[in-house]
Amino acid sequence: MSASRIFVVTGSNKGIGLATVKALCEAVGSESIVYLTARSVERGTKAVEDLAKSGLKPRFHPLDVDDASSIETFATFLKKEHGGLDVLVNNAAIAYKGNATEPFGVQAEHTIRVNYFGLQAVCKALFPLLRPHSRVVNVSSCVGHLTKVPGEELRKKLSDPTLTEDELDGIMHDFVKAAAENKHGELGWQNSAYGASKVGVSALTRIQQRMLDQDPRDDIVVNHCHPGYVDTDMTSHRGVLTVEQGAVCPTYLALLPPNVSSPRGEYLWYDKQVVDWVDASLPPPGY
Ligand SMILES: NC(=O)c1ccc[n+]([C@@H]2O[C@H](COP(=O)([O-])OP(=O)(O)OC[C@H]3O[C@@H](n4cnc5c(N)ncnc54)[C@H](OP(=O)(O)O)[C@@H]3O)[C@@H](O)[C@H]2O)c1
């Protein structure tokens, strides 16, 4: 692994993403570059300026994971400026509040579009630029664990070790279609668009690791994690962990040493323990 590495964290102007940028800046040498990215130039620039006050020097680049041209511009920039990247933390996500007035179908389409297809679009654009020994972290959730899916048939499909990315896309599109008619329960889904999006992210991670294991580039590892129940805007500040605590697992996965045998394609709890995504039940929250 070269001394100078390029790190990218999506949706990092606030919350767990910002804390992950901070932790990475503190952990890596000044020869490495950490990109704080955000959909808003104003919010992203402000976050970089705030970190500069503590002597940390991430760079800013705009990145809206819901905008194909923004993703393409960023990929082109990374290729031209650095020839590639070494670490990608897919943190950006949205969650409708419990009292949101938008119909469930609207929430489902928007949430799956940003959290699943947006993350996937970033991966499709940036994976070709990953260098050997790269680390990818897909921030999932406790509700992204397979046991949160009530339907047995659906669980079987999602955990099938031969599931392809196209098939998973189809499953996510079917969820959105069914949600528009409030029929997603009939397909075996839980009643949460956010939960479905994170189950998709987790199922995708397993496929991505399988694909990367066949890749000629050596030792590229992708894992997914539950960062804990964290005090952020997303949880309306009801979460019990600090953003620094929420950043512990994503940061650990971003900094996994070269040639680790585990975790690879695994689901991790916020305290870094590996939890089987298919067969194990979730550990007690512990907070
Ligand atoms: N907090 C928890 O307890 C908890 C639990 C489990 C999982 N997670 C996961 O942890 C991650 C971070 O969550 P958080 O709690 O830190 O949430 P947050 O405070 O709401 O931050 C979410 C970040 O994502 C960004 N974002 C949203 N849509 C985007 C887009 N289209 N393009 C780029 N960035 C976008 C937001 O930017 P704006 O400021 O522009 O909106 C913000 O920077 C998420 O993946 C979340 O699902 C959180």
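1. A pocket is defined on a 1 Å grid over the protein atoms alone: it is an open set of points where a 1.4 Å probe fits, with protein on both sides within 12 Å along at least five of seven lines, and its lining residues have an atom within 4 Å of a point. Grid points are joined across faces, edges and corners, and a volume is the space filled by probe spheres set on the points.

2. This is a predicted model, in which local features need pLDDT of at least 70 and side-chain atom pairs count only at pLDDT 80 or more, while totals for chains, interfaces and linings use all residues. Residues are numbered from 1 along each chain as its sequence is written, and side-chain values use heavy atoms, with hydrogens and water left out.

3. The second largest pocket has a volume of about 220 Å³. Its lining includes C25, V28, G29 and S30, and also G55, L56, K57, P58 and R59. By residue class the lining divides into 6 nonpolar, 4 polar and 2 charged. Here Ala, Val, Leu, Ile, Met, Phe, Trp, Tyr, Cys and Pro count as nonpolar, Asp, Glu, Lys and Arg as charged, and the others, Gly among them, as polar.

4. The largest pocket holds about 1,400 Å³ of space. Of the 46 residues that line this pocket, A93, I94, A95, Y194 and M234 lie nearest its centre. Helices α1 (15-27), α4 (104-126) and α7 each supply at least two lining residues, and the largest share, 5 residues, comes from α4. Helices (H or I, at least four residues) and strands (E, at least two) are DSSP runs, numbered from the N terminus. The lining is made up of 19 nonpolar, 18 polar and 9 charged residues.

5. Which residue forms a salt bridge with R131? The partner is D86, at 3.2 Å from N to O. A salt bridge needs a side-chain nitrogen of Lys or Arg within 4 Å of a carboxyl oxygen of Asp or Glu. R131 lies in strand β5 (residues 130-139) and D86 in strand β4 (residues 85-90), so the pair ties together parts that are 45 residues apart in sequence. D86 is buried, with a relative accessible area of 5%, and R131 is partly exposed at 22%. Buried means under 20% relative accessible area, exposed over 50%, and partly exposed in between (1.4 Å probe, protein chains only).

6. In the whole structure, 13 salt bridges are found. One of them joins R264 and D213 at 3.4 Å, N to O. This pair links distant parts of the chain, 51 residues apart: R264 is in the loop between α9 (248-254) and β7 (267-268), and D213 is in helix α7 (residues 193-213). R264 is partly exposed at 26%, as is D213 at 42%. Both residues belong to a network of salt bridges that also takes in R135 and D219.

7. The structure has 7 aromatic pairs. One of them, Y35 and F77, is edge-to-face, with 5.8 Å centre to centre and 85 degrees between the planes. Y35 lies in strand β2 (residues 33-38) and F77 in helix α3 (residues 68-82), so this pair ties together parts that are 42 residues apart in sequence. Rings of Phe, Tyr and Trp (its six-membered ring) pair if their centres lie within 6.5 Å; planes under 30 degrees apart count as stacked, over 60 as edge-to-face and the rest as tilted. Y35 is buried at 1% relative accessibility, whereas F77 is partly exposed at 24%. Ring pairs link Y35, F74 and F77 into a cluster.
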